[in-house]
Amino acid sequence: MAFAPQDPRIPDPIDPVINEGRVDYVPTPISVTRARRHATRLISEWGHPALADDTALIVSELATNALRHGHVPGRLFRVELTLTKTRLRIAVSDPRGERLPRPRRPSPRDKHGRGLLIVRALSARWGVRERTVGKEIWAELDLTAT
């Protein structure tokens, strides 16, 4: 796990934000599909269709984790995409912060437990940020790698 070079809420004059997208979702399985489709459409509209597949998979894994492990009745989860000159940042936040995620070592028989391993394999950096309420899991894709 990596930590962001700086707080993502503070603008970086060297790497300014070009586009941002943020949607809150009801914690239901169809919301994972909607989040994945929305993220794929946004990244393509922003001119980086080569990142669409990796973005879709990362959003799907993180949104599924938010649904499974971060669900609190009556509370939403959020998916945010932030595009700068050099990277795409994907962040999914949920209202449960008492249990922070970490990659597991599932056996070949396990049906679950590979999501963060996939995120780690696809992203240049990823990490967890505690929030006042809940947590945020983020991953970054470098634009120079496309």
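This is a predicted model: local features need pLDDT of at least 70, side-chain atom pairs count only at pLDDT 80 or more; totals for chains, interfaces and linings use all residues.
**Confidence**

The protein chain has an average pLDDT of 87. I noted that 85% of the residues score at least 70. Residues 1-5 are another matter: there the pLDDT is below 50. That stretch still has eleven contacts in the model beyond near neighbours in sequence.

Which helix has the highest confidence? I found helix α1, residues 29-45, at a mean of 97. Confidence is lowest in helix α3, residues 115-122, where the mean is 89.

**The sheet**

Next I traced the strands. I found an open sheet of five, in the order β1-β2-β3-β5-β4, with antiparallel pairing. Which strands form the edges? They are β1 (17-25) and β4 (125-130), and each pairs on one side only. From one strand to the next, the twist averages 15°.

I then looked at β1 beside β2, residues 77-84. Eight bridges pair these two strands in the antiparallel sense. I picked out D24 and looked for its bridge partner in β2, which is R78.

Strand β5 covers residues 135-142 and is joined to β4 by six bridges. The two run antiparallel. Here R125 has E140 of β5 as its bridge partner. β4 and β5 form a hairpin, with four residues between them. In the turn I noted G134, which has a positive phi of about 90°.

**Helix α1 on the sheet**

Where does α1 lie? I see α1 across β1, β2 and β3 (87-94). Its direction is about 165° to β1.

**Helix α1 against α2**

I took the helix pairs in turn. α1 and α2 pack at an angle of about 150°, and their axes are 8 Å apart. An angle over 145 degrees counts as roughly antiparallel, so α1 is roughly antiparallel to α2. Their crossing is right-handed.

I listed who makes the contact. From α1 come P29, V32, A35, R36, A39, T40, I43 and S44. From α2 come A52, T55, A56, V59, S60, A63, T64 and L67. By class, I have ten nonpolar, five polar and one charged residues in this contact.

**Helix α2 against α3**

Helix α2 spans residues 52-69, and its axis comes within 9 Å of that of α3. The axes cross at roughly 150°. These helices are therefore roughly antiparallel to each other too: α2 and α3. Left-handed or right-handed? The crossing of α2 and α3 is left-handed.

On the α2 side, the contact is made by D54, L57, I58, E61, L62 and N65. On the α3 side I found G115, L116, I118, V119 and L122. I sorted the residues of this contact into seven nonpolar, two polar and two charged.

Key:
Residues are numbered from 1 along each chain as its sequence is written. Side-chain values use heavy atoms; hydrogens and water are left out. pLDDT is the predictor's confidence in each residue, from 0 to 100. Contact means heavy atoms within 4.5 Å. Axes are lines fitted to C-alpha atoms, for helices over the stretch in contact, and angles run from 0 to 180 degrees between N-to-C directions. Angles under 35 degrees count as roughly parallel, over 145 as roughly antiparallel, 65 to 115 as roughly perpendicular and the rest as oblique. A crossing is left-handed if the near helix is turned anticlockwise from the far one by less than a right angle, and right-handed if clockwise. Ala, Val, Leu, Ile, Met, Phe, Trp, Tyr, Cys and Pro count as nonpolar, Asp, Glu, Lys and Arg as charged, and the others, Gly among them, as polar. Two strands pair if DSSP finds at least two bridges between them.
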